[in-house]
Amino acid sequence: MPEGDTVQAVRSSRAVRLSFLTLGVAALAAAGLVSGGSPGPAPYASAAALTAGTGHQAGRAAAGDIRLEAGTLPVAGAHPVTDAASASRLAGPLHGVARYLRTRHGVAQVALFNKLTGRTYLLSGGRDTQYTASIVKADIMALWLWRSQSRPGTIPDSMPYSIKYLLQNMITMSDNVAATSLFYFSGGCTTLTLFNTLIPTRHTRVGCETPTYYGWGNTTTTAADQVAIVRTLAYRNATLERDAREYGLHLMESVEPTQRWGITCGPWGTQCAAPDYAPPDPDVTVALKNGWKFLPTCAKQDDSCPWQVNSIGWVRGKGRNYVLAVLTTDDPPAPGTAGLDYGISTIQGVSQRIWANLAVRPAR
């Protein structure tokens, strides 16, 4: 699990060896998340306090997107929700999630894209950005898939064995050495930052290598940006070709049992306990990447530190098709992995509720 220094400024692009002639795309503004919150139970708004408005999915125009934000501050073009019934209708798949999160310690962000309706939903208890920990490995993988598309043939057959080996270890086992190798040899934070303009991400700041830390684990991001990254892997787009996306999803579908917690809970049932968490359901595909670490702002980097625990991915089956990102920070310090387990439990509670909310309703 990555630990280390805080994020530094982006390095000089002189070390970059890739050609980015097509990367002049600037990330457009996305709807901001309401900040707030403090240590202890996060101040999530009730359903009646949610505000809704139209916007762009991570900077890309997406007709029909809905922004749900915790708090009472309206976003541009939004209209305040004044009654509980209207708030519940607008919350849709996030119904009950804010209520549940008020019972949990720490601060969470939730972003959901429902492919079946084309709508995006956001909920935040505070903090505009959080640390990625190892979920940034999905972003590093997407960069290598994009880079490999220029080779003759199809992915993965056209890729060098060494790159496939590193990608497999990085995603299925969350191996940090593999991630550091792929991050460094692709050009580090400069290259990944430029690649992210293709997606685009709006609020992600890639962590850079320092003399004592490999950097990537201290990337900061939002749940909305993570949904944008996973959407690039899950659905047809101009950045990644079909064979690249299919290979990336295959790796994310092959995460080892001890790391398949998080957004699998609900889609694969409600028995989601360690060590193997939810047993796969053959009728539901879940492609995910999780991340966890002590908060890098805590100097001791031991059991006295709060945790960052995240889960992102794509779910399809039983009438659902969606991308979900749940980020949690300030999960309480505890001996051993108890702090990590607390964050996992929070994420799985969110995932179960969203899965249930998206159940296909019989026609009347």
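This is a predicted model: local features need pLDDT of at least 70, side-chain atom pairs count only at pLDDT 80 or more; totals for chains, interfaces and linings use all residues.
Which residue of β12 does tryptophan 314 stand opposite?

Residues are numbered from 1 along each chain as its sequence is written, and side-chain values use heavy atoms, with hydrogens and water left out.

**View 1. Strand β11 and its partners.** Tryptophan 314 stands opposite valine 323 in β12. Strands here are DSSP runs of E with at least two residues, helices are runs of H or I with at least four, and both are numbered from the N terminus. β11 pairs with β12 in the antiparallel sense over 11 bridges, and with β10, also antiparallel, over 10 bridges; two strands pair if DSSP finds at least two bridges between them. Of the 11 residues of β11, 10 are buried (buried means under 20% relative accessible area, exposed over 50%, partly exposed in between, with a 1.4 Å probe and protein chains only).

View 2. β11 and β12 form a hairpin with 2 residues between them, and lysine 318 in the turn has a positive phi of about 50°. The side chain of lysine 318 meets that of aspartate 281 in a salt bridge, 2.7 Å from N to O. This pair links distant parts of the chain, 37 residues apart: lysine 318 lies in the loop between β11 and β12, aspartate 281 in the loop between α8 and β10. A salt bridge is a side-chain nitrogen of Lys or Arg within 4 Å of a carboxyl oxygen of Asp or Glu. Lysine 318 is partly exposed at 45%, whereas aspartate 281 is buried at 16%.

**View 3. A salt bridge within helix α8.** The structure holds 2 salt bridges, and one of them joins arginine 242 to glutamate 246, with the closest N and O atoms 2.9 Å apart. Because these two residues are 4 apart in α8 (residues 242–252), about one helical turn separates arginine 242 and glutamate 246. Arginine 242 counts as exposed at 61% relative accessibility, and glutamate 246 as partly exposed at 44%.

**View 4. Helix α9 and its cover.** The 20 residues of α9 (338–357) should span 28 Å, and the end C-alpha atoms are 29 Å apart, which agrees; the expected span is 1.5 Å times one less than the number of residues. Among its buried residues are Gly339, Leu340, Ile347 and Trp355. What covers the buried residues of α9 includes β10, β11 and β12.

Note on methods:
Contact means heavy atoms within 4.5 Å.
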